[in-house]
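Subject: Structure handover

Hello,

Here is the structure I promised to pass on. Please open it alongside this note, and read on for what turned up.

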Amino acid sequence: MQTAPITLTMTEHHHSLTICPPMSGLSLQGEIRVPGDKSISHRALMLGALAQGETQIQGLLLGEDPVSTAGCFRAMGAKISDLNAQLVRVEGIGLGNLLEPGDVLNVGNSGTTIRLMLGILASHPERFFTITGDRSIRSRPMRRVIQPLQQMGASIWSRSGELAPLAVQGRALKPIHYQSPLASAQVKSCILLAGLLTNGRTTVTEPALSRDHSERMLRAFGAEIEVDPETCSATVIGPATLRGQPVVVPGDISSAAFWLVAGAIVPGSNLLVQNVGINPTRTGILDALAAMQADISLENVREVAGEPVADVRVRGGAPLKACEISGDLIPRLIDEIPILAVAAVFATGITVIRDASELRVKESDRLAVMATQLIRMGATITEMPDGLEITGGTALVGADVDSHTDHRIAMSLAIAALNATGTTTIHRAEAAAVSYPNFTETLQQIIV
Ligand code: S3P
């Protein structure tokens, strides 16, 4: 194995990742594991904190986002052991028993933390909470959760434009049937969590099915949950009691996606990504890569603690074809669109991504940022209000690019750089730690 053509430069505040593939090319080989699923990690910490008794979590993601969730719930009385341990123990304090925190709750960069937690806080009577986060969080829309919670009777104050910081006066809420205009698991989960302490049926109906980890885990913790996939509806029947459970967090398919695309675009690669969660509400990336004719197969498919899991193999070299990514597929690959844009750059034909305007309000405006950064590397991309049109087949040339402090952008650009000629430097690459703290180490490990 030769020395990896990768250098990480750290200054006081930022890291830059420089990637310079050798003229002779490189390939990616090996068996790797990705960190725990971010969505499941947040929910395990939250439900563990709200349950009676102990929850033991195996495989928790030790990224910055779950660290923020743990910090918030510790500040409200949950006892959460060292997150570095193999097994994280959460001593719950029981639904309705959260303590009023003595300071502002800080969610850092985490949209899942602020939106899910808002449903929990709003339904805790006689407590007052204030919540803030980093610059990105303070610009992300909160109306989508504030408005349905207000329909349930919640008292929430926000900065103008319904932006964080937020203040919440917890009170007893009433159940509602909410027709969500968005297919958003954060909105759905917020309302279901608020419904736990109400008297009756709280239902959320979505225009398309979003990830269902909340429904699965709430049921495992003993809540009465009904789901109707036909109408994309989920119901919680309150008041609920949650009991602490063992949780096994599978590897995050959203993190595996970087290696699947990397393996597909770098000829001669052969990667096995082990222990990946393949919940059907998350596998849009596999469907899209199959439509692009990437050589990907599932091995050792099994079920672990209520979630389907597999080892996913990718072999490089199959010529990729353009495809269309739109409609109900979008919520099933919402976080994978930046890395799919990279795949599309190397696919023959025009890939069209539509119905994805939600990407404009993620950790960054992911449509604008991916378009501008890949164009700097020589890609041909037209930005549309709700998507991207990517003309594949133009060779990429190394350039200076920027993550815009968005973890998925940082990692997507690093993968693009593997198949570019010359040197690419990704500025503010430290953002990757939000969901994938050892991304660079794994990249170094698989380059041959
Ligand atoms: C998440 C839901 C998605 C996703 C985010 C995690 C979750 O957001 O983009 O990274 O854990 O519920 P939306 O629900 O806003 O689409």
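One definition before the details: a residue is called buried when its relative accessible area is under 20%, exposed when that area is over 50%, and partly exposed in between. Keep in mind that this is a predicted model.

Asparagine 275 shows how the cut-off works. Its relative accessibility is 17%, so asparagine 275 counts as buried. This residue sits in strand β16, which covers residues 270-277. Its backbone deserves a look too. Asparagine 275 is not a glycine, yet its phi is positive, at about 60 degrees. Most residues other than glycine have a negative phi.

Glutamine 293 also has a positive phi without being a glycine, here about 70 degrees. Where does glutamine 293 lie? It is in the loop between α8 (284-291) and β17 (295-304). Its relative accessible area is 44%, so glutamine 293 is partly exposed.

Now the ligand.

Which residues surround it? The list is Lys38, Ser39, Arg43, Thr112, Ser184, Ala185, Gln186, Arg211, Ile334, Asp335 and Lys362. By class, that shell has 5 charged, 4 polar and 2 nonpolar residues. For serine 39, a polar side-chain atom lies 2.7 Å from a ligand oxygen. For threonine 112, a side-chain N or O atom is 3.5 Å from an oxygen of the ligand. For aspartate 335, the corresponding distance from a side-chain N or O atom to a ligand oxygen is 2.6 Å.

How much of the ligand does the protein cover? On its own, the ligand has 380 Å² of accessible area, and the protein covers 96% of it. Two elements give two or more residues to the shell: α1 (38-50) and α5 (185-195). The largest share, 3 residues, comes from α1. Domain 1 (6-36 + 250-446) and domain 2 (38-248) each supply at least three residues to the shell.

Next, helix α6.

Helix α6 spans residues 213-220, and histidine 213 is in it. Is histidine 213 buried or exposed? Its relative accessibility is 2%, so histidine 213 counts as buried. The side chain of histidine 213 makes a polar contact with the side chain of arginine 282, at 2.8 Å. Glutamate 215 and leucine 193 are 22 residues apart along the chain, and their C-alpha atoms are separated by 9.9 Å.

Arginine 33 is placed in strand β3, residues 29-33. Its relative accessible area is 52%, so arginine 33 is exposed. Check its partner across the chain. Arginine 33 and valine 273 are 240 residues apart in sequence, while their C-alpha atoms are separated by 5.6 Å.

Then the cysteines.

How many disulfides does the structure hold? The count is 0. A disulfide needs two cysteine sulfur atoms within 2.5 Å. Cysteine 232 has 13% relative accessibility, so it counts as buried. Cysteine 323 is buried too, with a relative accessible area of 11%.

Last, two peptide bonds to inspect.

Most peptide bonds are trans. Alanine 164 and proline 165, however, are joined by a cis bond, with omega at about 5 degrees. Proline 165 lies in strand β10, residues 163-169. The bond from glycine 238 to proline 239 is also cis, with omega near 0 degrees. Proline 239 is found in the loop between β14 (233-238) and β15 (246-248).

That covers what I found. Over to you.

Best wishes

How values were computed: Residues are numbered from 1 along each chain as its sequence is written. This is a predicted model: local features need pLDDT of at least 70, side-chain atom pairs count only at pLDDT 80 or more; totals for chains, interfaces and linings use all residues. Side-chain values use heavy atoms; hydrogens and water are left out. A residue is near a molecule or strand if one of its heavy atoms lies within 4 Å of it. A polar contact is a pair of N or O atoms within 3.5 Å; within protein, one must be able to donate a hydrogen and the other to accept it, and residues adjacent in sequence count only if both atoms are side-chain atoms. Accessible areas come from the Shrake-Rupley method with a 1.4 Å probe; for residues, only the protein chains shown count as cover. Helices (H or I, at least four residues) and strands (E, at least two) are DSSP runs, numbered from the N terminus. Ala, Val, Leu, Ile, Met, Phe, Trp, Tyr, Cys and Pro count as nonpolar, Asp, Glu, Lys and Arg as charged, and the others, Gly among them, as polar. Domain bounds come from an automatic or database domain assignment. Buried means under 20% relative accessible area, exposed over 50%, partly exposed in between (1.4 Å probe, protein chains only).
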